[in-house]
Amino acid sequence: MSKKSSDTANVFRANDYVVYPAHGVGRILSIEEQEIAGMRLELFVISFEKDKMTLRVPTAKAASIGMRSLSSPNLVAKALATLKGRAKIKRAMWSRRAQEYEQKINSGDLISIAEVVRDLYRAGDQPEQSYSERQLYEAALERLTREVAAVERLDHANAAARVDAMLEAKAA
């Protein structure tokens, strides 16, 4: 086992919650060794309960793909405060904006994800979203809510209520 992989393995332990940029919050079930293509690899086994998915990530690659610990409570507070800000809607074509939103969601950066939620949020009196806008909004909202729930040790419903309250405060 190389020095680098054991360093990364020491950062995360079984039962830790982590953020995997492309999938959001997951929980490390175990750290195991497997032989893949004739090489012995140390892997994080991560469960994403909401998606009913298990992912195996080489410990040596965890940092380079952007896997990180949960955000600090301070960062969660900043992300929630971001929701109260003014939506920044660029005048670019929707396809270009959609690409940017997708990149922000998959960056795993909580503030960027909160910006997508803020920018795509529609209050009850605003026009209906297109299907693709709604999909991006829901993906960003789900990622944000899951991390808020994990950091603040809330169930999903209470975390969703907390995020909704911030969005409603902005609309008022």
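The chain holds 6 helices and 5 strands, where helices (H or I, at least four residues) and strands (E, at least two) are DSSP runs numbered from the N terminus. The model is predicted: local features need pLDDT of at least 70, side-chain atom pairs count only at pLDDT 80 or more, and totals for chains, interfaces and linings use all residues. Residues are numbered from 1 along each chain as its sequence is written, and side-chain values use heavy atoms, with hydrogens and water left out.

**Overall layout**

- Read from the N terminus, the elements follow the order α-β-β-β-β-β-α-α-α-α-α.
- Along the principal axes, the C-alpha atoms of the chain fill a box of roughly 60 × 35 × 25 Å.
- Of the 172 residues in the chain, 39% are buried; buried means under 20% relative accessible area, exposed over 50%, and partly exposed in between (1.4 Å probe, protein chains only).
- Contact means heavy atoms within 4.5 Å; among contacts between residues at least 6 apart in sequence, 55% join residues at least 24 apart.

**The sheet**

- The 5 strands form an open sheet in the order β4-β3-β2-β1-β5, with antiparallel pairing; two strands pair if DSSP finds at least two bridges between them.
- The edge strands are β4 (53-58) and β5 (68-69), each of which pairs on one side only.
- Strands β1 (residues 17-20) and β2 (residues 24-36) run antiparallel and are joined by 4 bridges.
- Strand β2 is joined to β3 (residues 39-48) by 9 bridges, and the two run antiparallel.
- Ile28 has Ile46 of β3 as its bridge partner, while Ile31 stands opposite Phe44 in β3.
- The hairpin of β2 and β3 has 2 residues between the strands, and Ala37 there takes a positive phi near 50 degrees.
- Strands β3 and β4 run antiparallel and are joined by 6 bridges, with Met53 in β4 as the bridge partner of Phe48.
- In the hairpin of β3 and β4, 4 residues lie between the strands, and Lys52 takes a positive phi near 50 degrees.
- Because 7 of its 10 residues are buried, β3 is largely enclosed by the rest of the structure.

**Helix α5 and Glu147**

- Helix α5 lies across β1, β2 and β5 and runs at about 90 degrees to β2.
- Glu147 has its place in helix α5 (residues 131-152).
- Glu147 is buried, with a relative accessible area of 2%.
- Not counting residues up to four places away in sequence, Glu147 touches Val19, Val25, Arg68, Leu70, Ser71 and Leu110.

**Packing of α3 and α4**

- The axes of helix α3 (residues 94-107) and helix α4 (residues 110-120) come within 7 Å and cross at roughly 140 degrees.
- Axes are lines fitted to C-alpha atoms, for helices over the stretch in contact, and angles run from 0 to 180 degrees between N-to-C directions.
- Helices α3 and α4 are therefore oblique to each other, given that angles under 35 degrees count as roughly parallel, over 145 as roughly antiparallel, 65 to 115 as roughly perpendicular and the rest as oblique.
- On the α3 side, Trp94, Tyr101, Lys104, Ile105 and Ser107 meet Ser112, Ile113, Glu115, Val116, Asp119 and Leu120 in α4.
- By class, the contact of α3 with α4 has 6 nonpolar, 2 polar and 3 charged residues; Ala, Val, Leu, Ile, Met, Phe, Trp, Tyr, Cys and Pro count as nonpolar, Asp, Glu, Lys and Arg as charged, and the others, Gly among them, as polar.

**Nonpolar cores**

- A nonpolar core is a set of buried Ala, Val, Leu, Ile, Met, Phe, Trp, Tyr and Cys residues joined through side-chain atoms within 4.5 Å.
- The largest nonpolar core has 28 residues, of which Leu83, Val117, Leu144 and Val163 touch the most other members.
- At least two residues of this core come from each of α2 (73-82), α3, α4, α5 and α6 (156-171), and α5 gives the most, with 8 residues.
- Apart from this core lies another, of 11 residues, among them Ile28, Phe48, Val57 and Ala62.
- Leu144 touches Ala79, Leu83, Leu110, Ile113, Ala114, Val117 and Val163, not counting residues up to four places away in sequence.
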